[in-house]
Amino acid sequence: MATWNSRGLRGSTLEDMINFTNEIYQERGLALVQKIPTPIKPIKIDKEKRHITLAYFEQKSTVDYIGAVQGYPICFDAKECGTDTFPLQNIHAHQIEFMKRYEEQGGISFMILYFTGRNEFYYLRFLELMKYWKRIEEKQPKNFKYQELDPRFFISSKQGVHLHYLETLNRDLSLREE
């Protein structure tokens, strides 16, 4: 069983940027998106400092964020990658299943990837994610490369927002309507 602190603060930079972006979106009335905390069960607590020093995940997490963007329900997960090859093992089957069911209910599922070495962000559409995920079932490489990604879905900085993912979400919506 994994402990909550076993992987350190990996991903916190990306999540901080997303949280800041979501605050701006909320202030501007563009979206209401919240971070979904993963429930933990504390095992050891430092009573003097009032800190949890050891805990276990109570259940599997689904996605990192859920919300609504101007009437569209969205859910997404955030992942960091230090190389140009993203290992699919960083995504869990239960997350894929949740996102699939969310899509079936009329929601929009996606991932935000942060390629730390390039300092670039990518909006991974659910349809594109499923294309890569099927590689696992077909005994193909269990990863995808930066060079395979659709250039239209790299996330830019605009209007005072460093991680302006609504623009790429809009592009995703346009393609879904075609």
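By about how many helical turns are E97 and R101 separated in helix 2? In the predicted model described here, E97 and R101 are four residues apart in helix 2 (residues 93-104), and therefore about one helical turn separates them. The two residues form a salt bridge whose closest N and O atoms are 2.8 Å apart. E97 is partly exposed, with a relative accessibility of 32%, whereas R101 is exposed, with a relative accessible area of 52%.

Strand 4 (residues 65-69) pairs with strand 5 (residues 72-81) in the antiparallel sense, over five bridges. Within this pairing, Y65 is placed opposite F76 of strand 5.

Strand 7 (residues 108-115) and strand 8 are likewise antiparallel, and six bridges connect them. In this pair, F115 stands opposite E120 of strand 8. The two strands form a hairpin with four residues between them, and in the turn N119 adopts a positive phi of about 55 degrees. On strand 8 (residues 120-125), five of the six residues are buried, and the strand is thus mostly covered.

Attention then turns to D64, which is placed in the loop between strand 3 (51-57) and strand 4. D64 has a relative accessible area of 11% and is therefore buried, the cut-off for this class being under 20%. When neighbours within four places in sequence are set aside, the contacts of D64 are E15, Q34, K35, I36, F76, D77 and A78. With K35, D64 forms a salt bridge in which the closest N and O atoms are 3.7 Å apart. This pair links distant parts of the chain, since D64 belongs to the loop between strand 3 and strand 4 and K35 to strand 1, at a separation of 29 residues.

In total, the structure holds twelve salt bridges. Side chains of opposite charge can pair when their charged atoms come close. A further example is the salt bridge between R176 and E103, with the closest N and O atoms 2.9 Å apart. Because R176 lies in helix 4 (residues 166-177) and E103 in helix 2, this pair ties together parts that are 73 residues apart in sequence. R176 is partly exposed, its relative accessible area being 33%. Through salt bridges that share partners, E103, R125, D172 and R176 are joined into one network. One of these residues, E103, belongs to helix 2, the helix that also holds the E97 and R101 pair.

Definitions and conventions. Residues are numbered from 1 along each chain as its sequence is written. This is a predicted model: local features need pLDDT of at least 70, side-chain atom pairs count only at pLDDT 80 or more; totals for chains, interfaces and linings use all residues. Side-chain values use heavy atoms; hydrogens and water are left out. Buried means under 20% relative accessible area, exposed over 50%, partly exposed in between (1.4 Å probe, protein chains only). Two strands pair if DSSP finds at least two bridges between them. Contact means heavy atoms within 4.5 Å. A salt bridge is a side-chain nitrogen of Lys or Arg within 4 Å of a carboxyl oxygen of Asp or Glu.
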